[in-house]
Amino acid sequence: GYVTVPMKIDELDQNSWQKFFNVASDKSLIPIIRLATTFENNSWRQPTKKDIVEFSKFLNSLDWKRDSLIIVLFNEPNQAGEWGGEINPEKYGEILSFALSWFKTEKGNFIVLPAALDMAADGKKGTVLASNFLNILIKNYPNAIANLDAWNSHAYPNPGFSGKPTDNNFASVKSYQWELNLLKNKLGKEFTVYITETGWDGSKKSANLIANYFKTAYQKIWAVDDKVMSVTPFLFNAQTLPFSNFSLIDKNDQPTPLYEMIRELSKQ
């Protein structure tokens, strides 16, 4: 299986992260490391080229216990709160292009994924439509996008994290298909995809219904699509709102029906 874990630039403790990679290996988990900066002035600070170099140096100092490491270049930059309080696809493209070039010249075998986009963003309240953001990225940095190893998607059941798994809109659990089609049409390249976030809001749906929705999505959509490399639900354990509404561990520290369903799924 796979596990997506954020790595903050101010939490690069070698002992802690080496322990993580050791445990992941023991548990047969493949890490997906999402790079993150620091939260400042009500938003995530825009990364710099210096940050990229520091992340690269740190990751190369660790024993991943694997031949390659999947990394994600930050998070949902079509939200201003995720990109220093502004929306700037050109600046994200510049960082993405530099990071891709840098990691590809390092000794480690990095599998580089872009930041996933917020597919439910409506262009209001500090957001821009994912389609607009992606079109600007492709126009200005076509080579960088084409050279990515795979795509990264947040395939939530929107609107409101409460749609049905059978929905087909561009902000549904099938949203990644819309992204892959756009990339194919614009660049002529077919990508595989890692779905690094998805989940239903437990305040809007019952625990058992969410488990059934996930089972349908896994068995009838994601697992039968050979372009989908992994699906890591958001999130494993959270005890405070709003994230606790998505947690696979409840407030009594017990597994939810969703946890149990995923554990029982047949896996390759």
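Q: Which residue in β9 is the bridge partner of Val193?
A: The bridge partner of Val193 is Val228, in β9. The model is predicted, so local features need pLDDT of at least 70, side-chain atom pairs count only at pLDDT 80 or more, and totals for chains, interfaces and linings use all residues. Residues are numbered from 1 along each chain as its sequence is written, and side-chain values use heavy atoms, with hydrogens and water left out.

Q: What makes β8 and β9 a pair?
A: Two strands pair if DSSP finds at least two bridges between them. Strand β8 (residues 193-197) and β9 have three bridges, in the parallel sense. Strands here are DSSP runs of E with at least two residues, and helices are runs of H or I with at least four, numbered from the N terminus.

Q: Why is one side of β7 and of β9 left without a neighbour in the sheet?
A: The open sheet has three strands in the order β7-β8-β9, with parallel pairing. β7 (151-154) and β9 (228-231) stand at the edges and have a single partner strand each, so one side of each has no neighbour in the sheet.

Q: Why is the pair of Tyr2 and Tyr194 called edge-to-face?
A: Rings of Phe, Tyr and Trp (its six-membered ring) pair if their centres lie within 6.5 Å; planes under 30 degrees apart count as stacked, over 60 as edge-to-face and the rest as tilted. The centres of Tyr2 and Tyr194 are 6.0 Å apart and their planes stand at 70°, so the pair is edge-to-face. Tyr2 lies in strand β1 (residues 2-8) and Tyr194 in strand β8, so the pair ties together parts 192 residues apart in sequence.

Q: Is Tyr194 buried or exposed, and by what value?
A: Buried means under 20% relative accessible area, exposed over 50%, and partly exposed in between (1.4 Å probe, protein chains only). Tyr194 has 7%, so Tyr194 is buried. Tyr2 has 28%, so Tyr2 is partly exposed.

Q: What makes Trp17 and Phe20 an edge-to-face pair?
A: Their ring centres are 5.4 Å apart and their planes are at 80°, so this pair is edge-to-face. Trp17 and Phe20 are three residues apart in helix α1 (residues 14-26), which means a separation of about one helical turn. Trp17, at 9% relative accessibility, counts as buried, whereas Phe20, at 21%, is partly exposed.

Q: How many aromatic pairs does a search of the whole structure find?
A: The search finds 21 aromatic pairs. Tyr156, Phe161, Phe234, Phe243 and Phe246 form one aromatic cluster.
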